Amino acid sequence: MTVATPGVVLEPGEMGEVRRRLGRQPNALELGMLEALWSEHCSYKTSRRLLRRLPSEGPGVLAGPGHN
């Protein structure tokens with residue numbers, strides 16, 4: 001289940017983490033920034049688990065994880 005906030009859809013754990021780190025409820029500007037930073041395009045929320053299946057070492061790997 002996701003938590004819908006104007007313009008932002010975060011998983012319950014994500015919203016809890018935001019509140020924990022800020023020590024308060026985020027305002028509309030902060031939520032908009034989180035939407036951009038945590039969007040599927042920017043954070044690979046869904047594809048991250050699939051990317052782990054790809055090889056990270058070997059002759060066919062030009063740059064492994066963490067090498068941009």
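Biologist: Hi! Why does glutamate 30 count as buried?

Modeller: Because its relative accessibility is 19%. Buried means under 20% relative accessible area, exposed over 50% and partly exposed in between, with a 1.4 Å probe and protein chains only. This is a predicted model, where local features need pLDDT of at least 70, side-chain atom pairs count only at pLDDT 80 or more, and totals for chains, interfaces and linings use all residues. Residues are numbered from 1 along each chain as its sequence is written, and side-chain values use heavy atoms, leaving out hydrogens and water.

Biologist: Which side chain makes a polar contact with the side chain of glutamate 30?

Modeller: That of arginine 24, at 2.7 Å. A polar contact is a pair of N or O atoms within 3.5 Å, one able to donate a hydrogen and the other to accept it; residues adjacent in sequence count only if both atoms are side-chain atoms.

Biologist: New topic! Which residues make up the largest nonpolar core?

Modeller: Five of them: Leu10, Met15, Val18, Leu31 and Leu34. A nonpolar core joins buried Ala, Val, Leu, Ile, Met, Phe, Trp, Tyr and Cys residues through side-chain atoms within 4.5 Å.

Biologist: Which elements give two or more residues to this core?

Modeller: Helix H1 (12-22) and helix H2 (28-37) do.

Biologist: What about leucine 34, beyond its neighbours within four places in sequence?

Modeller: Leucine 34 is in contact with Val18 and Ser39 there.

How values were computed:
Helices (H or I, at least four residues) and strands (E, at least two) are DSSP runs, numbered from the N terminus. Contact means heavy atoms within 4.5 Å.
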